[in-house]
Amino acid sequence: MKGGIGGSLTAKRRWKGFVIAVLGLVLLSLLVPLVFLLGLHNGFHSSGFSTAQQSSSASGVRVYSRHSTAKNVSQSEGDESRHMDDLMRRLEPTFSKDIRENFVGEAENKTAGSPLLDGLPKERSRANSTGAAAMHAATENIKGIDGSPMLDGLPEKRSRANSTSVAATHAATENIKGIDEGEKLCELKFGSYCLWRRNHKEKVNDFIVRKMKDLLYVARAYYPSIAKLPALDKLSQEMKQNIQEFERVLSVTTIDKDLPPLIDQKLTKMEAVIAQAKACRVDCSNVDKKFRQLVDLTEDEATFHMRQSAFLYQLAVQTMPKSHHCLSMRLTVEYFRDPSPDIDQSLAERHLNPDLHHIVIFSNNVLASSAVINSTVMHAKESESQVFHVVTDRQNYFAMKLWFSRNKYMEATVEVLNIEDVKLDNNKASTSIHLSLPDEYRVSFHKVDRPSTTEYLSVFSHSHYLLPEIFRSLKKVVVLDDDVIVQRDLSDLWGIYMDGKVNGAVQSCSVRLVQLRKLFGNKRVDETSCAWMSGLNVVDLVRWREQDISGRYLKLVKEMNSEEAVTLRASLLTFQGEVYALDDKWVLSGLGHKYGVDSETVKNARVLHFNGKMKPWLELGIHDYTVFWRKFVDPENQFLSDCNIN
């Protein structure tokens with residue numbers, strides 16, 4: 001009996017322990033999701049897409065270039081933004097001409113801080129149309145004391161946001177202003193992308209879609225408070241069904257014409273449900289908190305999509321189009337099938353004759369360099385006196401050789417050189433040489449009491465400082481970038497008396513060296529000197545060798561520890577006092593980023609310079625100007641037809 005009783009008690013204890021363990025597991029399974037939801041609720045604003053902000057230095061100078069690290073960009077908290085930042089950091093150094101600079105003039109010490117995403121007002125016409133309160137928050141974000149952006153202070157600003165959409169709409173109407181200045185701020189951060197987006201903005205009929213987003217925004221804000229009240233279970237279920245239905249429709253629809261039938265009935269039903277919810281007694285603080293969470297999420301999502309769009313734009317304008325890559329590959333293959341004949345001795349003598357007009361082009365683009373040469377010879381009075389030297393790299397050398405051997409340019413002579421085959425003095429430079437194209441910098445001045453200005457400067461690359469080594473027998477050359485088109489005879493350039501200067505260039509006095517002196521550190525700069533532009537340059541090689549310009553440049557590059565804008569800094573300092581200012585009528589610049597230049601002005605210019613992101617051979621090029629480039633490309637060429645280059 002004792003043994004039986006003892007066994008029974010032991011079994012009961014085991015059973016009781018098992019029950020307690022099961023109850024503990026059940027309780028834990030309920031608590032874990034609850035804790036997760038509470039944690040997600042408290043950190044909701046940071047779980048979406050985060051905003052990348054630029055840190056401004058104490059000096060007020062902010063530099064963004066393909067050589068810069070990401071230390072000036074705040075780390076994203078969301079996985080999506082972190083992924084985008086990583087992509088931009090990895091891909092940005094490969095961009096060939098993506099040097100973007102933001103400077104603040106020395107005379108204007110009151111800067112507006114880091115440039116903010118002020119392209120958002122237009123982007124938010126869709127992304128932020130999910131509620132009037134979101135528009136209010138966006139407006140507060142744009143505003144700031146003395147022009148300072150308020151990206152870091154959103155919670156403080158939002159504490160004043162009204163909890164009702166009607167009051168928020170009124171606040172947004174009162175506060176929206178300065179759109180033009182907003183576009184300038186957008187250009188500070190994203191450059192010509194903002195100009196391109198503004199000029200290609202499509203008008204879409206999405207009034208009903210935006211209305212649906214507004215209603216969905218309000219329903220989401222009220223639903224958590226309604227769901228907590230057992231007496232409103234029927235209303236909660238109805239609101240949930242409407243929210244799910246709207247989410248399903250909006251997931252596949254962006255414009256009104258794609259909306260499903262009977263959408264008016266769905267709108268009426270949602271409006272009725274929201275009216276019932278507003279009539280209920282709910283905790284206003286909870287609704288307000290939910291509104292702010294949705295504002296955070298919507299705003300961060302709009303910011304993310306803005307940055308993503310800018311990144312894709314940068315990728316599109318700075319990579320070779322597929323058709324151009326096809327052309328280079330086909331020409332290379334054809335070269336090895338049928339190698340071009342060796343150059344005859346008479347042409348070789350022309351290449352070295354200093355009495356002829358020598359024009360140098362650094363390029364890795366077959367079609368672009370061909371258009372430059374074609375436009376030059378077509379407007380030359382005596383094309384037989386012109387000798388073109390196309391300096392390229394090993395990858396494009398054979399394609400260039402075949403192209404220029406099979407295409408004739410009136411009486412001019414074209415020589416193709418592989419820069420990697422250039423023999424240098426051992427005591428002057430490293431033996432490893434790579435082609436580098438003219439570098440383009442975006443220089444932006446953001447001033448509080450004046451409109452913001454942005455200029456695109458193109459300067460010599462490292463390869464240009466090999467000119468005396470590559471052309472040792474020549475005395476004077478004209479250097480053309482591969483993104484120019486010549487519309488007048490250039491022979492007058494060889495007769496210009498340069499007064500002992502080395503570089504004849506068009507100056508851009510909207511950017512003076514004194515304005516950039518923070519960039520030069522303790523280097524002395526002339527307060528009257530202007531920045532100069534590459535594109536069309538007359539180079540006195542004799543004077544260059546006497547002044548040892550290449551040695552001066554290499555010394556400056558070696559002294560500059562920072563990799564940010566090293567080409568711009570070294571080039572401007574190297575040629576300080578050595579630039580002969582050409583007449584501004586020689587070159588019309590900015591056709592790769594400026595919209596609205598009069599067609600007659602473009603037609604009458606001597607040389608067109610497509611400096612900027614939107615090159616004329618790209619689909620993103622500005623159509624009003626690309627017609628002046630395309631007429632120097634033969635559309636009937638078999639290679640162009642095979643590669644679908646239109």
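What is the relative accessible area of cysteine 326, and does that count as buried or exposed, or something in between?

Modeller: Cysteine 326 has a relative accessible area of 23%, so it is partly exposed. Here buried means under 20% relative accessible area, exposed means over 50%, and partly exposed is in between, with a 1.4 Å probe and protein chains only.

Some ground rules come before the rest. This is a predicted model, in which local features need pLDDT of at least 70 and side-chain atom pairs count only at pLDDT 80 or more, while totals for chains, interfaces and linings use all residues. Residues are numbered from 1 along each chain as its sequence is written, and side-chain values use heavy atoms, with hydrogens and water left out.

A search of the whole structure turns up 2 disulfides, a disulfide being a pair of cysteine sulfur atoms within 2.5 Å. One of them joins cysteine 326 to cysteine 643, with the sulfur atoms 2.2 Å apart. This pair links distant parts of the chain, 317 residues apart: cysteine 326 is in helix α13 (residues 322–337), and cysteine 643 is in the segment after α24 (638–642). Helices (H or I, at least four residues) and strands (E, at least two) are DSSP runs, numbered from the N terminus. The angle about the S-S bond is -75°, and the link of cysteine 326 and cysteine 643 is left-handed. Cysteine 643 has 5% relative accessibility, so it counts as buried.

The other disulfide is between cysteine 509 and cysteine 530, S to S 2.1 Å. Cysteine 509 lies in strand β10 (residues 503–512) and cysteine 530 in strand β11 (residues 530–540), 21 residues apart, and this pair too links distant parts of the chain. The link of cysteine 509 and cysteine 530 is right-handed, with 100° about the S-S bond. Cysteine 509 is partly exposed at 37% relative accessibility, whereas cysteine 530 is buried at 8%. Cysteine 280 also counts as buried, because its relative accessibility is 19%.

Other strands of the model can be described through their pairing. Two strands pair if DSSP finds at least two bridges between them. Strand β6 (residues 439–445) has 7 of its 7 residues buried, so it is largely enclosed by the rest of the structure. From β6, Asp439, Tyr441, Val443 and Phe445 point one way, and Glu440, Arg442 and Ser444 point the other way. Strand β7 (residues 453–459) runs antiparallel to β6 and is joined to it by 7 bridges. The partner of phenylalanine 445 in β7 is threonine 453.

A further group of 3 strands forms an open sheet in the order β9-β14-β13, with mixed pairing. β9 (484–486) and β13 (587–588) stand at its edges with a single partner strand each, so one side of each has no neighbour in the sheet. β9 and strand β14 (residues 607–609) run antiparallel, joined by 3 bridges. Valine 484 stands opposite histidine 609 in β14.
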